[in-house]
Amino acid sequence: MMNVCFQCGMYHADKIIDPAGPFAVCPECGFKHPFRQLPLLIVSGASGAGKSTVCQHLSGQLTQAVLLDSDILWRPEFNRPGTDHRDYFEVWLRLCKNISQSGRPVVLFGAGVGVPENIEACIERRYFSSVHYLALVCSDAILSERLQRRPIWRGTRDAEYIDGHIRFNRWFKEYDSQPVIERIETTNTLPEVTVAQVSSWIDEHLEVPSDD
Ligand SMILES: [Zn+2]
């Protein structure tokens, strides 16, 4: 419960970050709470780009970080008009921040979390030393084929759903802004190769602090 001040007991998600500690400083009473400011890694891409496959393969194999699929916390209640799903992203960042306090950075897999403005606008963003974005991308045809192969209950065979994710896939391919989104192409790549590429990307960006 990092957001509750140890000294005055008030709740604040918007603590002031003092990089000297780093400390999360209570805006009510000035109490300095030392905390671990770790990087957050995000592996994204449109539905069908391959992120769940990679997450499943790396879970239990890659133990320097905590790997989570952001879909596990999704609930229709988060889908409120005019909010851009902000509550959902704040909940995720709060959870990742709290996991980080045990000394392991989080690698978060998901579609919406890969759009930097969804994350960078969050109050909880300040508790991470950096956020690194990676997108898995592929051709329109392969994306469509993968979505059509899924079981009906997932609702991904619907033409509107497929069109939406083809557009999202193109958005990742054409994105050319800050913060940077790195890309891995999965069209003609065996799943195990993609898994290895993502694993290397994670290793490069972990910045694991030495134990003190
Ligand atoms: Zn306080």
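A residue counts as buried when its relative accessible area is under 20%. The model examined here is predicted.

By this criterion, helix α1, spanning residues 51-58, has four buried residues: K51, V54, C55 and L58. Around the helix axis they cover an arc of only 100°, so they lie on the same side of α1. The spacing fits a general rule of helices. An α-helix has 3.6 residues a turn, so residues three or four places apart point the same way. After α1 comes G60, with a positive phi near 90°.

The largest nonpolar core holds 51 residues. Within this core, V198 and I202 touch the most other members. Residues up to four places away in sequence aside, I202 touches L41, L58, L62 and V107. In soluble globular proteins, nonpolar side chains tend to be buried together.

A zinc ion forms a separate topic. The SG atoms of C5, C8, C26 and C29 coordinate the zinc ion at 2.3 to 2.4 Å. Along the chain, these donors follow the spacing C-x2-C-x17-C-x2-C. The angles subtended by the 4 donor atoms run from 104 to 113°, so the arrangement is tetrahedral. For four tetrahedral donors, the ideal angle is 109.5 degrees. C26 counts as buried because its relative accessibility is 3%. C29 counts as partly exposed because its relative accessibility is 32%.

Note on methods:
Residues are numbered from 1 along each chain as its sequence is written. This is a predicted model: local features need pLDDT of at least 70, side-chain atom pairs count only at pLDDT 80 or more; totals for chains, interfaces and linings use all residues. Side-chain values use heavy atoms; hydrogens and water are left out. Buried means under 20% relative accessible area, exposed over 50%, partly exposed in between (1.4 Å probe, protein chains only). Helices (H or I, at least four residues) and strands (E, at least two) are DSSP runs, numbered from the N terminus. The arc is that of the directions from the helix axis to the C-beta atoms. Donors are N, O and S atoms within 2.8 Å of the metal (3.2 Å for Na, K and Ca); water is not among the atoms, so sites may look incomplete. Four donors count as tetrahedral if all angles lie between 85 and 135 degrees; four count as square planar and six as octahedral if opposite donors are over 155 degrees apart and all others between 65 and 115; anything else is irregular. A nonpolar core is a set of buried Ala, Val, Leu, Ile, Met, Phe, Trp, Tyr and Cys residues joined through side-chain atoms within 4.5 Å. Contact means heavy atoms within 4.5 Å.
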